[in-house]
Amino acid sequence: MNKKLYVPALAIMLLGATAFGVSAVSAESYNAENNRTSLIQKLATKFNLKQEDVKSVFDEQRQTRETERQARFEEKLSQYVTSGKITETQKQAIIAKMKTLASERQAHMDAMKNMTPEQRKAEMEKHRTALEQWAKDNNIDSKYLYFGYGKGMGHKMGHRF
């Protein structure tokens, strides 16, 4: 097989892997970035590809999923505006807050790497409480912050802020 067939095959494998998801493991024993890098290295070696090319496929897929998730999130907020559950101003505030949280996410993850499970739990609870207070201050029912994110921060959510 030539290299032109490997990249689509890698994309299909990546889509299949993301479709089935990955089980959550404690932060102490699981380092997603190291596992991702290891997988990229293994695929590049196995199929005799440049590691940068394989990484770019992963990065493109991650960005596509994030863009689609954000579009679904904003569409759901628009439905809430249409149905009168929230105002357009509240919708824009929620979008801005979620973007702020997303930009802070890596720093929070890095800070929690060396914490005990109890410390991580307390830190997540602190962030959840702060988010709920922000919602209250903006007259937004906190349930409008969590759809698409499982049950929300600190509640075994499927996605992160």
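Reply: Happy to. Let's begin with R120, which is placed in helix α5, residues 117-137. One thing to keep in mind throughout is that this is a predicted model. R120 has a relative accessible area of 9%, so this arginine counts as buried, the limit being under 20%.

In general, nonpolar side chains tend to be buried together in soluble globular proteins. Here the largest nonpolar core is made of 15 residues, and L77, I94, M98, L131, W134 and L145 have the most contacts inside it. Helix α5 is one of its suppliers: α3, α4 (88-112), α5 and α6 each bring at least two residues to this core. The biggest share comes from α4, which gives four residues.

If you set aside its neighbours within four places in sequence, W134 is in contact with A93, I94, K97, I140 and L145. Apart from this core lies another one, of seven residues, including I40, L43, L49 and V54.

Next, the rings. How many aromatic pairs does the structure hold? There is one. Y80 and Y144 make up this pair, with 4.7 Å from centre to centre and 65° between the planes, an edge-to-face arrangement. Y80 belongs to helix α3 (residues 51-82) and Y144 to helix α6 (residues 143-146), so the pair ties together parts that lie 64 residues apart in sequence. Both partners are shielded: Y80 is buried at 13% relative accessible area, and Y144 is buried too, at 9%.

R69 is buried, with a relative accessible area of 14%. Its charged end sits over the ring of F73, 6.0 Å from the ring centre. R69 also forms a salt bridge with E66, and the closest N and O atoms of the two are 2.8 Å apart. Both R69 and E66 lie in helix α3, three residues apart, which is about one turn of the helix. E66 is partly exposed, at 32% relative accessibility, whereas R69 is buried.

How many salt bridges turn up in a search of the whole structure? The search finds seven. One of them joins the side chains of D59 and R36, at 2.1 Å from N to O. This pair links distant parts of the chain, with D59 in helix α3 and R36 in helix α2 (residues 32-46), 23 residues apart. Is R36 buried or exposed? At 12% relative accessibility, R36 counts as buried, while D59 is partly exposed, at 30%. K55 comes into the picture as well: R36, K55 and D59 are linked in a network of salt bridges.

A further salt bridge is formed by K113 and D110, whose closest N and O atoms are 3.4 Å apart. D110 is partly exposed, with a relative accessible area of 37%.

Terms used. Residues numbered from 1 in each chain as written. Predicted model: local features only at pLDDT ≥ 70, side-chain atom pairs only at ≥ 80, totals over all residues. Heavy atoms only, no water. Phe/Tyr/Trp six-rings, centres within 6.5 Å; stacked < 30°, edge-to-face > 60°. Buried < 20%, exposed > 50% of the residue type's maximum accessible area, 1.4 Å probe, protein only. Lys NZ or Arg CZ within 6 Å of the ring centre and 35° of its normal. Core = buried A, V, L, I, M, F, W, Y, C linked by side-chain atoms within 4.5 Å. Contact = heavy atoms within 4.5 Å. Salt bridge = Lys/Arg side-chain N within 4 Å of Asp/Glu carboxyl O.
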